Amino acid sequence: MKDNHLKKSIWVFHLNTGSCNGCDIEILDALTPYFDVERFGIKLVASPRHADVVLLTGPITVKTLPMVINALKAVPRPRYVLAIGACAVGGGIWYDTYSVIGGVKEFKKILEEHGVEIDKIVYVPGCPARPEAIIYGVALLLGLVKEKVSKEVVIIGEGSHH
Amino acid sequence: MWLDISLTIILLLIMLILPPVLDGIERKIRAKIHSRIGPPSIMQTWYDIRKLFAKELVVTDTGYIMFFIAITLFSMTILALFLLPTGFMNIFSRDNISLLLFSIFILAIQLIWMLLSVAPSNPYSTIGVFREALLGMVNELFFMLGLFALLVYVNGLSFTHLISTSYSITYVLILLLLASYAYVSSGRIPFDIAEAEPELASGILIEFSGPLLGMVLYSNLVKRAILYGFVANLIILPLLGELNLLLKILLFFISLLIIWIIYSVTSIIFARTRVDLAPKTLFFFYLLVTILITITWLLRV
Ligand code: SF4
């Protein structure tokens, strides 16, 4: 698929998977005329079937998981996900609680079981993530800006807390 | 003869390319009114459509019905476009019944839009289409009345009869009625009640994706251009007389642009209205205009 067609027109869908609404308000902020994301061809759509990028907030609770999978399934490929906020990136303060599935790593596994492929994920940390960071995240996702961090992963021992 | 055919083809091509560009201009103007920059260029809507065509198609169980209806909608829209004069009476709009045929196409397009919205069997789009149908009942009824008045007024069924028409109060009122029809049926605020609430925000298009969505969105823009082009013709055709052909074409496109801009600015100024209020208000407005048309007609002014 021609990725460069996506660079000029990015339709985003907002998906809350049990966040505290902090990140969601930042997303709404990013979509206000003040930040004017239409400058980059970004547009908010109300149906996942129209979307290119899913703005995912929250730690993906067990209750929301089936809906999240359905929503992601409905996104036509190429489907990108922007994990916004500490919660979406790694579960945040809830990462090992009973009601969440345990971060994006687990989530990816579950998606694979359901045959839902995600073409690219970009993580936007912060609690909540700043609107500028969200816009930057979208730009990064589409390769409009260069990545500044390396891809090394540091895993802290199992069970250890923050 | 050859000149006619080639001019018809060229103008048709322009009319096919133009609608998304006009939408891009509208988005730019809207951004200016909001004091923002807006899309990077007026080609943004074309970029959107191009992207949609490059995406995957995800459909519901009724996907093939949706596809079939979308194709019908698209071809119907293009057929209506063929009939529309563009300052120049093309080989189709010269026909004896072009105006009548054009109106039938317009009504058919509205109907297919509703079919399209019930096709995905999504409750949201079904709610949307019921609202649209309610509005449509008022809107289409008065369109037919207005059209009847127009046909009687110009004393013929063809676009060519518009050229020999002269302006009068009655004509202006008919024009007002049909211009309002064009505004309402192009789904602009406050008459976008199918999409009025957040959960219905994509309205009737909620289940469409990829190329199918692209095609439907494009058809919608072409439909807008057709409706506004119709109004432009009603305004300028009686005035053009014996002007130079190129000047006529230029005048048509300028008036199309102006009408598009006027409509878009109007829709920014208006706020969304209540679902039950929109058809009611519209009904009384149309009724008033129709009564005025009848009175001026009887008085022959
Ligand atoms: S990252 Fe922070 S602000 Fe965002 S949803 Fe989680 S707790 Fe709320």
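How many salt bridges does the rule find across the interface of chain B and chain A? In this predicted model, the interface of the two chains holds 6 salt bridges by that rule. One salt bridge joins B:Arg27 to A:Glu38, with the closest N and O atoms 3.0 Å apart. Across the interface of chain B and chain A, 16 residue pairs are also found in polar contact, both residues of a pair being at pLDDT 80 or more. On the side of chain B that touches chain A, helix H2 (44-54) and helix H8 (210-240) of chain B each supply at least two residues, and H2(B) gives the most, with 7 residues. The residues of that side comprise 14 nonpolar, 6 polar and 8 charged.

The size of an interface is often given as the accessible area lost when the parts come together. Here, chain B and chain A bury about 2,300 Å² between them, with 53% of this area on carbon and sulfur atoms. Within chain B, the residues that lose the most area to chain A are B:Arg36, B:Lys51 and B:Lys55, which together account for 26% of what that side buries. The contact draws on 28 residues from chain B and 25 residues from chain A.

Turning to the nonpolar cores, the largest has 109 residues, of which A:Phe107, B:Phe102, B:Leu150 and B:Phe230 touch the most other members. To this core H8(B) gives the most, with 18 residues. Leaving aside residues up to four places away in sequence, B:Phe102 touches B:Ala80, B:Leu83, B:Leu84, B:Phe159, B:Ile226 and B:Phe230. A second, separate core of 23 residues includes A:Ile10, A:Val53, A:Leu82 and A:Ile84.

Note on methods:
Residues are numbered from 1 along each chain as its sequence is written. Chains are lettered from A and ligands numbered from 1 in the order in which they are written. This is a predicted model: local features need pLDDT of at least 70, side-chain atom pairs count only at pLDDT 80 or more; totals for chains, interfaces and linings use all residues. Side-chain values use heavy atoms; hydrogens and water are left out. Contact means heavy atoms within 4.5 Å. Buried area is the accessible area (1.4 Å probe) that two parts lose on being put together, summed over both. A salt bridge is a side-chain nitrogen of Lys or Arg within 4 Å of a carboxyl oxygen of Asp or Glu. A polar contact is a pair of N or O atoms within 3.5 Å; within protein, one must be able to donate a hydrogen and the other to accept it, and residues adjacent in sequence count only if both atoms are side-chain atoms. Helices (H or I, at least four residues) and strands (E, at least two) are DSSP runs, numbered from the N terminus. Ala, Val, Leu, Ile, Met, Phe, Trp, Tyr, Cys and Pro count as nonpolar, Asp, Glu, Lys and Arg as charged, and the others, Gly among them, as polar. A nonpolar core is a set of buried Ala, Val, Leu, Ile, Met, Phe, Trp, Tyr and Cys residues joined through side-chain atoms within 4.5 Å. Buried means under 20% relative accessible area, exposed over 50%, partly exposed in between (1.4 Å probe, protein chains only).
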